[in-house]
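Subject: Structure for you to look at

Dear colleague,

Here is the structure I said I would pass on. Please open it alongside the notes below.

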Amino acid sequence: MRIILIIALLSVTGYLLFWPVPVEPVAWDAPEDSGYSGVHLTNDSLSLFDSLSLGNEFGPEDFALRSDGSIATATHSGAILLLAPNATHFTPWVNTGGRPLGLEFDANNNLIVADAYLGLLSVSPSGDITLLTDSVDGTAIVYADDVDVAKNGMIYFSDATTKFSAKAYGGTLSGSLLEILEHKGHGRLLAYNPDTQVTTVLMDGLIFANGVAISQNQQYILINETGSYRVLRYFIAGPKSGLVEVFIDNLPGFPDNIATAPDGDYWVGFASPRSASLDDLSNSPFLRKVVQRLPASLRPKAKAYGHVIKINEQGKVMRDLQDPTGHYPLTTGVLETTDMLYISSLTAPHVAVINKANLPKGDDE
C-alpha cells in the first residue's frame, strides 16, 4: 500500500510540475488592488434592473443602436437578435455561424460585427453577411473582439489575442483566461479601411485587447487592456497622432467592453472583479503554469458580480453601478439611450435594462 501511495504521489507531483500546457507565463507586477473603495465603494444601483427576453439564446455580449431606434445584440449560438422600438423582447435576425461579439452600425445601417471565430463581418440591412477581413500582415485574426466605426467610415477593432484562438481553445472565455494567465501580450488594435479593403495594425503587445471606442471628436480611440486592468488611449489625429497613453488604470475588475455615451462620456463594463490569487501570482510564472495544470474547478475563475462605470474624457469616474449579488453576472458593458441603460453580459439568459430615472444622481448630471 505504501508503494502505491508513493507512486501516486510522484505521479501527481510529476504531472503538476511537467505536464505540457499551452501557456508560457512571464513575470509582471500587478498593481495593488484598492478593491471596492473610494469612487468604487460597494453599492447596489445595478441590482434594480428589469429583464428583456432573448428567447432561447444567452450571452448578450454587446449592443448596437440602429438609426431607426432598433437595438442589436449577439449571442453564444451565433445569432444576432433585434429589439424593435417599444418591443418587450428581442427577436432573431441572422446567424453568423461563429461567435459574434462587438457590434456597431455604420452610416449605411450595415451592422459591423467582430466575430471571435470568423473575423470582421458586415451584415447588410437585408441580412446578407460579408466577410470584410480575417487576416492582417500575413497573420490570421483569431479573436476579433470589439469594434467601432468612425465618422469617416474607418473601422477600428480589437484582436484580443493572436495565440489563444477563441475557436481552437474552447470558446471566448477559455481563450481569454489563457491570454491573461500567460500575460505575454498577444493582443492588438486593428484598423480596416472599407474603401481600400486594407487592414493595418495600430497597436500590439496588449494583454487581451478588448473594448474599442472612438472619441466624440474623432481624435483618439480608447481600448480596454483587460489583463492589465486599464484603458489606453491611442491618438488617430492631431499633434499626438500615433501616440499611446494610459487613460485610466488600476481598475477594480477586468474591463470588457467600452462604449461612447450620448454625452461624450464612456461606459465600461467589468466581466469580473480582480482575482487576489491571480495578482499574488503575478511575479511567479512557474506557479501560474502549475495552476494551469490543476482541474478547472481549482483555478482562478470569474466571479458573478455586476459592475459598470461611466468615465469622462479626463478619465474621471462619473458613475459606478454595482450588483454584488451577481444576479446579472459577468457584465460586459452598457448601451445608453435617452431614457434607458441596456447592460450586456457574457452569460446571462436575458438583457438587463434600467430606467435612468430610477438611478441615483451621478457626477454626470
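Predicted model: local features only at pLDDT ≥ 70, side-chain atom pairs only at ≥ 80, totals over all residues.

Asp159 faces a residue of β14, Arg188, which stands opposite.

Opposite Leu120 stands Thr133 in β9. The hairpin of β8 and β9 has 5 residues between the strands, and in this hairpin Gly127 takes a positive phi near 100 degrees.

Nonpolar core

The largest nonpolar core has 31 residues, and Tyr266 and Ile311 are the ones that touch the most other members. At least two residues of this core come from each of α2 (172–182), β17 (220–225), β18 (230–235), β19 (244–248), β20 (253–260), β21 (266–273) and β22 (306–311).

The largest pocket holds about 980 Å³ of space. Its lining is made of 45 residues, and those closest to the centre are Leu65, Glu104, Phe105, Asp148 and Val149. Two or more lining residues are given by each of β2 (63–65), β6 (100–105), β12, β16 (209–214), β20 and β24 (331–336). Sorted by class, this lining has 23 nonpolar, 14 polar and 8 charged residues.

For the second largest pocket the space is about 640 Å³. There are 31 residues in the lining, with Leu173, Ser176, Leu177, Ile180 and Ala302 nearest the centre of the pocket. The elements that contribute two or more residues are α2, β20, β21 and α4 (285–293). Which element gives the most to the lining of this second largest pocket? It is α2, with 8 residues. The classes in this lining are 18 nonpolar, 8 polar and 5 charged.

Cavity

The count of cavities of 30 Å³ or more comes to 1. The largest cavity contains about 40 Å³ of space. Its lining consists of Trp28, Ile180, His183, Tyr229, Leu278, Ser282 and Arg288, which divide into 4 nonpolar, 2 polar and 1 charged. Ile180 is also among the residues nearest the centre of the second largest pocket.

Single residues

Most residues other than glycine have a negative phi. Two exceptions are worth a look. Tyr229, one of the residues that line the largest cavity, lies in the loop between β17 and β18. Its phi is positive, near 55 degrees. Is Tyr229 buried or exposed? Its relative accessible area is 1%, under the 20% cut-off, so Tyr229 counts as buried.

Phe208 also has a positive phi, near 60 degrees, and is found in the loop between β15 and β16. At 4% relative accessibility, Phe208 is buried.

Leu243 sits in the loop between β18 and β19. With a relative accessible area of 49%, Leu243 falls between the 20% and 50% cut-offs and is therefore partly exposed. Leu243 and Ser34 are 209 residues apart along the chain, and their C-alpha atoms are separated by 29 Å.

Regards

Key
Residues numbered from 1 in each chain as written. Heavy atoms only, no water. Pairing = 2+ DSSP bridges. Helix = DSSP H or I, 4+ residues; strand = E, 2+ residues; numbered from the N terminus. Core = buried A, V, L, I, M, F, W, Y, C linked by side-chain atoms within 4.5 Å. Buried < 20%, exposed > 50% of the residue type's maximum accessible area, 1.4 Å probe, protein only. 1 Å grid on protein atoms, 1.4 Å probe; cavity = no way out; pocket = protein on both sides within 12 Å on 5 of 7 lines; lining within 4 Å. Points joined across faces, edges and corners; volume = space filled by probe spheres on them. Nonpolar A, V, L, I, M, F, W, Y, C, P; charged D, E, K, R; others polar.
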